[in-house]
Structure formats: C-alpha cells, structure tokens
Amino acid sequence: MSWWDSYGDLVVTGGVILVLLVLSGFFSGSETALTGASRSRMHMLAKQGDKRAARVLALLERKDRLIGAILLGNNLVNILASALATTVLVALFGDAGVAYATLGMTLLVLIFAEVLPKTYALSHTDKMAVRVAPPIRAVVVLFAPITHAVQLVVRATLKPFGIDLSTDLDGEQHEEELRGAIDLHDNEDPETRHERVMLKSILDLDDVEVADIMTHRRRVVMIDLGESVADNIDAVLGSPYTRIPVYRDDPDNIVGVLHAKALLREVRARQKADAEREGAPTPEADGGAVELTVSDLDSLDLGKLATPPWFIPDSTTLLDQLQAFRERREHFAIVIDEYGAFMGIVTLEDILEEIVGNIDDETDTPVPGVRPQPDGSYLVDGSVTLRLLAREFDWQLPDDDAATIAGLVLHESRLIPDPGQIFMFYGFRFEVVRRQRNQITLIRVTPPDDKDGEDADA
C-alpha cells in the first residue's frame with residue numbers, strides 16, 4: 001500500500017470519526033432538550049397547531065422508549081468512534097496508540113459530544129426540543145425492537161428486588177408538581193407575587209374547611225322574631241349586610257335568612273296598597289314619600305319574608321362549598337358543628353377572598369384587623385386568621401391546631417395569658433395587649449428580625 005493510500009484512509013477515517021462525534025453531540029443535546037422541555041409550554045404550542053410540539057409530547061409520553069433509543073444511538077456512535085480512533089493510532093504509534101486513543105477520545109467526547117451540546121440545550125431547551133423531535137422520532141421507531149427488548153431485560157432484572165418502574169403519578173404527586181412549578185416563579189414583582197399567592201390559594205381550597213374562614217357567631221348580625229318588627233327593621237337597615245339570619249327565641253334556632261331587598265320590596269308594596277286604598281298618590285307619583293304607620297309595620301311577618309336557611313357542616317372543604325354555591329346559586333350558608341349548634345356563617349365572598357385576597361370595600365382597610373407599627377411590629381386583632389396573615393405577609397405560622405392568631409397563642413402557651421405577657425413561637429414575638437374576659441382581643445406581633453422576615457414584611 002502506497003503512502004498516499006494510507007494517508008487517504010487516514011483522512012477518511014478521521015472524517016468518519018468527526019461525523020460520529022457530531023452524531024454523539026446530537027444525541028446528547030437531544031436527550032437534555034427533550035427531557036428538560038416544558039410540558040406545559042409544549043402543550044400550549046400543540047393546542048395552537050404546532051406539529052413539532054405535538055411530536056415532543058408524543059415522545060415524552062413514552063419516556064422509557066425515548067431514553068432507551070437515544071442512549072442506544074449515543075453509545076453506538078461513541079463506541080464506533082473510539083474503535084476507529086484506536087485502530088488508527090495503534091497503526092501509527094503501536095501499542096502506545098491505545099493510551100493516546102483513550103485520552104484523545106475521552107477529551108473529544110467530553111467536550112464536544114457531551115458538555116458543549118448539553119450546555120447549549122440547557123440554554124435553549126424548548127427551541128431545541130421542537131427542532132430535534134422529528135429526527136429523534138425516526139430513531140425511536142428504528143430502534144424500537146431493540147429498546148423494547150432492553151426494557152424487558154431491565155424490568156426482569158429489577159422485579160425480584162421489588163422495584164416499580166411505573167412513572168404514573170397519583171393525584172397528590174400531580175398537585176405537588178404543580179405547587180413546585182408555582183413556587184419556581186419567585187419573582188418579587190408585586191403582580192407576580194400576587195398571582196403566585198392566588199394560584200397556591202386555589203390549590204388549598206380542598207384542604208381548608210369552612211370553619212377556618214367563617215364569620216364566627218359572636219360577630220354575626222342576627223334578628224330575633226320575638227322582638228318588635230320596628231326594631232328588627234331598624235336592625236336590618238342599620239346593618240351593612242344584605243342577608244341576615246333570623247332566629248326565634250334561641251340563636252341556635254335559626255328559622256330563615258332575611259334578604260334586605262325582600263324586606264324593602266314588601267315595605268314598598270304595602271306603601272302602594274295603602275296609597276291606593278286611601279286614594280292618596282302612589283309612592284311613585286309622590287316621590288316615595290308615603291310612610292307606613294306603626295300598625296302597618298307590626299303586621300309584617302318577617303318570618304314569611306325570610307328564605308329557608310341552608311345548613312352546612314363545619315368540616316365542609318372550601319372547594320366543595322364553592323361548587324355547592326354554584327350548583328344552588330346561593331351566596332350564603334349557616335355553619336353548624338357535629339351537634340347541630342350554630343357556629344357562624346360563610347358566604348361566597350369569604351371563599352373568593354381566600355383566592356384573590358381581601359376585597360376592599362368603602363372602608364378601604366388594607367388588611368382588616370392588622371395595623372403596622374413604626375417599630376416594625378403589628379397590632380393584630382385576635383380574630384384575624386392565620387391564613388390571612390400567611391397570604392398577606394407570608395408569615396409561616398402553623399394553622400393545623402388553630403385558625404386565628406389568638407387561638408395559636410392559646411394553643412402554644414397552654415394557658416389564658418394576661419395582658420402584657422410575652423411569648424416566642426416560631427421566631428415570632430407575641431405580646432398580649434388586650435384581653436376581654438377569657439378572649440384575647442389584641443396582640444402585638446413582631447416578625448423575625450432577619451432577611452426572610454424582612455422579605456415577608458415587604
């Protein structure tokens with residue numbers, strides 16, 4: 001063989017090795033891009049008609065076949081490239097060529113077939129995934145019989161050890177994955193933070209019970225049918241609420257829910273009837289100036305105007321209650337405990353506020369019951385819920401055994417504290433400011449004085 005023929009074979013072999021290294025880099029980069037691609041983004045692109053994104057999703061549906069085909073192709077080209085390099089260098093340098101080939105191919109494969117393509121794929125994951133999906137799909141189909149046989153051997157080997165290779169996720173794992181994806185968006189932009197809190201609150205609806213967010217019976221405005229009608233009408237008109245529970249004699253004996261609009265409608269109808277009966281101008285003709293007499297008021301039956309009450313157990317989750325509100329097309333429910341005792345009320349707005357945060361009214365209170373102080377502490381009403389504090393200030397206080405800030409202090413201190421007593425729980429400082437009988441009504445809360453606390457207070 002002439003020197004030219006040997007040189008020509010060397011050039012051809014070097015070219016083949018170069019092509020094999022390029023293929024190795026293609027397989028390595030494709031593996032990183034396809035396994036790291038955002039499934040949610042691919043799903044959105046596929047819904048918009050992107051066929052390449054649909055191919056990516058199809059490949060990810062059988063990730064075991066995908067990885068098997070890529071690894072098979074990558075190992076084939078790497079081994080073939082190394083064998084060719086060893087043959088050439090052994091012919092040139094003798095036995096020392098084996099060491100040269102090992103060192104040279106290790107460096108080439110590591111730099112140009114592993115690190116370089118995978119680094120690029122990590123920086124352009126989705127873009128590269130949709131580009132490599134068509135050729136990789138062909139590779140998967142081509143190597144399907146081999147990869148299937150390999151998977152059978154792998155499963156048979158691992159089965160005696162009780163190792164399950166199933167990749168199916170249960171509902172809890174799917175929720176954890178979704179929570180993790182939400183937490184990854186940790187941008188401190190106010191809009192991004194608010195959206196993150198809303199999404200996490202939606203996922204919490206199935207874990208929170210109505211007892212944790214209801215308006216306690218101590219704060220519920222109610223009317224007693226045993227009182228005079230005039231007093232009850234004054235109570236309804238003086239209340240900021242449109243729906244008011246109605247009881248007879250005992251607050252636990254709730255017989256209905258009176259809507260202020262129904263009461264005003266009945267009053268208006270009686271005004272018209274009286275005006276027509278006496279030949280006086282109707283309220284519309286006289287600008288609504290006709291008034292009812294005391295006897296007319298006493299003849300009103302508020303019990304008949306009230307709608308039947310809707311009772312729900314305090315253990316109902318917010319998700320179930322939200323769906324029930326939608327199905328019944330109601331906004332108001334009476335919460336009772338396991339003994340049937342009246343505990344409080346819950347409204348559709350209460351559940352919506354768990355998702356979107358406090359819905360400010362004309363009083364424009366940023367966080368109801370919480371007043372920031374110049375020294376960095378907060379004066380917090382005892383009835384403020386821990387979930388509200390976690391949502392508004394990102395305070396990580398456990399709510400497993402208590403729903404309110406006062407309940408947490410009682411649970412942790414194991415006593416009914418006196419005003420001025422100070423406790424330290426979970427890095428927070430709690431000072432009891434005011435107590436009414438056995439109820440803690442005002443607490444001064446000082447968050448942890450560290451970076452996490454500063455971020456939470458911001």
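I take a cavity to be a set of grid points where a 1.4 Å probe fits but cannot get out, with lining residues having an atom within 4 Å of a point. I note at the outset that the model is predicted.

**Entry 1**

I searched for cavities of 30 Å³ or more and found 1. The largest cavity holds about 30 Å³ of space. I then listed its lining, which consists of Asp212, Leu386, Arg387, Asp399, Ala402 and Ala403. By class, I counted 3 nonpolar and 3 charged residues in this lining, and no polar ones.

**Entry 2: helix H16**

The buried residues are Leu386, Arg387, Leu388, Leu389, Arg391 and Phe393. I also checked what follows H16: Asp394 comes next, with a positive phi near 60 degrees.

**Entry 3: a nonpolar surface patch**

On the surface I recorded a nonpolar patch formed by Leu103, Leu107, Leu108, Leu110, Ile111, Phe112, Val115 and Leu116. Together these residues have about 730 Å² of accessible area. I looked up Phe112 in particular and placed it in helix H5, residues 96–123. Its relative accessibility is 48%; buried means under 20% and exposed over 50%, so Phe112 counts as partly exposed.

**Entry 4: salt bridges**

I found 12 salt bridges in the structure. One of them joins the side chains of Glu61 and Arg39, at 3.4 Å from N to O. This pair links distant parts of the chain, with Glu61 in helix H3 (residues 51–61) and Arg39 in helix H2 (residues 39–47), 22 residues apart. Glu61 counts as exposed at 56% relative accessibility, whereas Arg39 is partly exposed at 38%.

I next examined Asp252 and Arg217, whose closest N and O atoms are 3.1 Å apart in a salt bridge. Asp252 lies in the loop between strands S3 (243–247) and S4 (254–259), and Arg217 in the loop between strands S1 (215–216) and S2 (223–224), so the pair ties together parts 35 residues apart in sequence. I noted Asp252 as partly exposed at 34% relative accessibility, and Arg217 as partly exposed at 29%.

I also recorded the salt bridge between the side chains of Glu431 and Arg429, at 3.7 Å from N to O. Glu431 is partly exposed at 22% relative accessibility, and Arg429 is partly exposed at 29%.

Finally, I noted a network of salt bridges that links Arg62, Asp64 and Arg155.

Definitions and conventions
Residues are numbered from 1 along each chain as its sequence is written. This is a predicted model: local features need pLDDT of at least 70, side-chain atom pairs count only at pLDDT 80 or more; totals for chains, interfaces and linings use all residues. Side-chain values use heavy atoms; hydrogens and water are left out. On a 1 Å grid over the protein atoms alone, a cavity is a set of points where a 1.4 Å probe fits but cannot get out, and a pocket is an open set with protein on both sides within 12 Å along at least five of seven lines; lining residues have an atom within 4 Å of a point. Grid points are joined across faces, edges and corners, and a volume is the space filled by probe spheres set on the points. Ala, Val, Leu, Ile, Met, Phe, Trp, Tyr, Cys and Pro count as nonpolar, Asp, Glu, Lys and Arg as charged, and the others, Gly among them, as polar. Patches are made of residues with over 30% relative accessible area and no salt bridge: like charges are joined within 9 Å, nonpolar side chains (Val, Leu, Ile, Met, Phe, Trp, Tyr) within 5 Å. Accessible areas come from the Shrake-Rupley method with a 1.4 Å probe; for residues, only the protein chains shown count as cover. A salt bridge is a side-chain nitrogen of Lys or Arg within 4 Å of a carboxyl oxygen of Asp or Glu. Helices (H or I, at least four residues) and strands (E, at least two) are DSSP runs, numbered from the N terminus. Buried means under 20% relative accessible area, exposed over 50%, partly exposed in between (1.4 Å probe, protein chains only).
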